[in-house]
Amino acid sequence: MQHMHWESFSTQTVLPSQRLARWNDYGSETLCDLTVDPCDRDCFTATLSRIEFGPLGLIEMTSTGATASGGLGVGGWAAAEKDALLLILAETGHSHFTENHRKLDLSPGDLLIRDLSKSWTHSCRAAMHMLMVKLPYSALLTRVDDPTRLQRVHLPARDPAVAFTTEVIRAINRTLKNGTSGDINDGLADVMLWDTGRPYHYARWTSDGRLLLGGGDRPHRSGKARQRAMADGVRDVRDYFTARYPALETIAFEFNWEGLFATTPDGLPYIGPHRHYPRHLFALGYGGNGMTLGFLAARLLVEWYQGRRSTDHDLFAFGRH
Ligand SMILES: Cc1cc2nc3c(=O)[nH]c(=O)nc-3n(C[C@H](O)[C@H](O)[C@H](O)COP(=O)(O)OP(=O)(O)OC[C@H]3O[C@@H](n4cnc5c(N)ncnc54)[C@H](O)[C@@H]3O)c2cc1C
């Protein structure tokens with residue numbers, strides 16, 4: 001199942017020395033060639049979240065005071081066809097905007113429509129918060145005869161129609177941020193759910209927007225019994241999540257699969273030789289902790305090979321029980 005998801009970047013997640021460069025990169029990829037000159041370089045912080053729905057997109061941006069200027073290139077996210085208009089809602093901060101030598105003063109609540117492929121500068125000495133809607137010309141052409149007439153349109157907040165429109169944009173932003181009641185996306189976003197039950201269950205989104213449900217481990221079965229057990233297992237996992245997310249009832253499952261999970265009676269792996277298999281060394285039965293125990297096994301097997309012995313080998317030896 002495909003779903004909309006937010007992508008975001010915060011300068012707080014990178015080293016101070018890299019903040020500006022990474023912000024310029026993310027902004028350029030999102031909107032257009034971007035160069036930011038912060039009022040206070042040492043204290044510069046900024047965040048950007050973006051989400052696409054159909055041909056439209058919504059961006060929420062915050063930044064400490066800065067002057068930003070944009071060149072002619074349009075970012076890949078904003079416009080694959082390089083034809084995006086941007087509807088800007090200034091939430092906080094009085095700022096100055098220049099496009100094609102035309103200057104505009106933006107106040108909180110004002111709307112501005114601009115063409116992303118034109119060069120511009122935008123300056124705000126105080127902290128800013130903006131919502132932006134990307135509107136491809138191609139999407140507007142079905143509704144507006146000549147979308148170019150919308151370029152550089154400045155709509156002041158005092159106009160009741162503008163105030164109404166900004167409330168709609170804010171409501172859309174809130175809805176997309178929080179999800180709607182009963183929606184399958186409720187609260188999951190980038191989070192992975194993992195219950196504490198035995199057997200456990202987990203759910204997460206994949207990077208290509210599919211929902212992955214897992215868990216419900218059960219003892220191994222062979223032959224025909226295995227096929228039946230697999231079908232039962234898939235149904236159990238599905239029932240478990242559908243009981244918690246009823247919207248899943250309507251979603252078709254694309255793939256089901258299972259893997260073997262080997263564990264030993266005491267939970268520790270077997271690492272070393274086995275008396276029935278001379279000239280062989282084994283490392284198996286990691287019990288779900290193979291990433292850690294695999295490295296330990298590598299060390300112990302090398303020691304076996306070199307003829308070195310320690311009590312660690314006894315801990316993991318076959319026949320220790
Ligand atoms: C879907 C899945 C999810 C997992 N999740 C987790 C998890 O969340 N946490 C965790 O700790 N573990 C997890 N594991 C387990 C973990 O990945 C493995 O236990 C671990 O990688 C095993 O390491 P290893 O070095 O013993 O074996 P492997 O990683 O299997 O390495 C064996 C190597 O030997 C090579 N080889 C095989 N035969 C020969 C041959 N004849 N000659 C030369 N080379 C050969 C293979 O190509 C391979 O590169 C998961 C495993 C799977 C499959």
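These legends describe close-up views of a predicted model. Local features need pLDDT of at least 70, side-chain atom pairs count only at pLDDT 80 or more, and totals for chains, interfaces and linings use all residues. Residues are numbered from 1 along each chain as its sequence is written.

**View 1. Domain layout.** The domain assignment gives domain 1 (7-178), domain 2 (193-250) and domain 3 (270-315). Such bounds come from an automatic or database assignment. Taken over C-alpha atoms, the centres of domain 1 and domain 3 are 58 Å apart.

**View 2. The ligand shell.** Around the ligand stand G259, A283, Y286, G288, N289, G290, M291, T292, G294 and A297. A residue is near a molecule if its C-beta atom, placed from the backbone, lies within 6 Å of it. Helix α5 (residues 290-306) gives the largest share of this shell, 5 residues. Helices (H or I, at least four residues) and strands (E, at least two) are DSSP runs, numbered from the N terminus. The shell holds 4 nonpolar residues, 6 polar and no charged. Ala, Val, Leu, Ile, Met, Phe, Trp, Tyr, Cys and Pro count as nonpolar, Asp, Glu, Lys and Arg as charged, and the others, Gly among them, as polar.

View 3. Strands β7 (residues 95-99) and β8 (residues 102-106) run antiparallel, joined by 5 bridges. Strands pair if DSSP finds at least two bridges between them. T98 faces K103 in β8. The hairpin has 2 residues between its strands, and N100 in the turn has a positive phi of about 50°.
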